[in-house]
Amino acid sequence: MMIGAALMAGVDELVFHQVLGWHHFYDRATPAVGLMTDGFLHAAELLVLVAGFFQYAELRRRNALDTASAWSGFFLGAGGFQLFDGIIDHKVLRLHQIRYGVATLPYDVAWNGFALALLAIGFWIGVRGRRRAAAAGER
């Protein structure tokens, strides 16, 4: 889950904050503060990514890595980050919006719809993996 959440945070930070310049992590202050908060987000995302890869490596080392669970966790983490960002950061805390100067409803629907799709994929992979494991155990 950590790797998925960190990668989704990285995509958000790189694409929407830096390349498109639509918003900063915290837009309710000066542009310099917004840029600084982007740096904090990027640092946190990198720390979580490294921790996730250490966790992944430890599971591989112990020969305890279940591929279906790993992929399920990846998509659940990515979708969880996206949905948290879309609901909590954008609407509840109002740290920033996806984009300014336009009607936000289509952006919110796309943002949260994409999050729900990622969560559904993760859930589906997890259920399918558990069913396969249970069927293999019955043999």
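The questions and answers below walk through a predicted model of one protein chain, from its overall layout to single residues.

In this predicted model, local features need pLDDT of at least 70 and side-chain atom pairs count only at pLDDT 80 or more, while totals for chains, interfaces and linings use all residues. Residues are numbered from 1 along each chain as its sequence is written, and side-chain values use heavy atoms, with hydrogens and water left out.

Q: In what order do the elements of the protein chain run from the N terminus on?
A: Helices (H or I, at least four residues) and strands (E, at least two) are taken as DSSP runs and numbered from the N terminus. By this rule the protein chain holds four helices and zero strands. Read from the N terminus on, the order of the elements is therefore α-α-α-α.

Q: What percentage of the residues in the protein chain is buried?
A: A residue is called buried under 20% relative accessible area, exposed over 50%, and partly exposed in between, using a 1.4 Å probe and protein chains only. The C-alpha atoms fill a box of roughly 60 × 30 × 25 Å along the principal axes. Of the 139 residues in the protein chain, the buried share is 32%.

Q: How far does helix H2 reach from its first C-alpha to its last?
A: The expected span of a helix is 1.5 Å times one less than its number of residues. Helix H2 covers residues 31-61, which gives 31 residues and an expected 45 Å. The span of H2 in the model is close to that expectation, at 45 Å.

Q: Which helix do the buried residues of H2 pack against?
A: The buried residues of H2 are Gly 34, Thr 37, Asp 38, Leu 41, Glu 45, Leu 49 and Gly 52. Leu 35 also lies in H2, but Leu 35 counts as exposed because its relative accessibility is 57%. The partner of the buried residues, judged by contact (heavy atoms within 4.5 Å), is helix H1 (2-19).

Q: How many residues does H1 have?
A: Among the buried residues of H1 are Ile 3, Met 8, Ala 9, Asp 12 and Phe 16. From its first C-alpha to its last, H1 reaches 24 Å, close to the 26 Å expected at 1.5 Å a residue. The number of residues in H1 is 18.

Q: Is Trp 111 buried or exposed?
A: Trp 111 lies in helix H4. Leaving aside neighbours within four places in sequence, Trp 111 is in contact with Asp 12, Phe 16, Gln 82, Asp 85, Gly 86, His 90 and Ile 98. Because the relative accessibility of Trp 111 is 6%, this residue counts as buried.

Q: What is the phi of Asn 63?
A: Most residues other than glycine have a negative phi. Asn 63 is found in the loop between H2 and H3, and with 74% relative accessibility it counts as exposed. Although Asn 63 is not a glycine, its phi is positive, at about 60°.

Q: In which loop is Arg 94 found?
A: Arg 94 is a residue other than glycine with a positive phi, near 55°. Its relative accessible area is 48%, so Arg 94 is partly exposed. Its place in the chain is the loop between H3 and H4.

Q: Which residues is Thr 104 in contact with, leaving aside its neighbours within four places in sequence?
A: Thr 104 is found in the loop between H3 and H4. Thr 104 is partly exposed because its relative accessible area is 26%. Its contacts, with those neighbours left aside, are Lys 91, Gln 97 and Arg 99.
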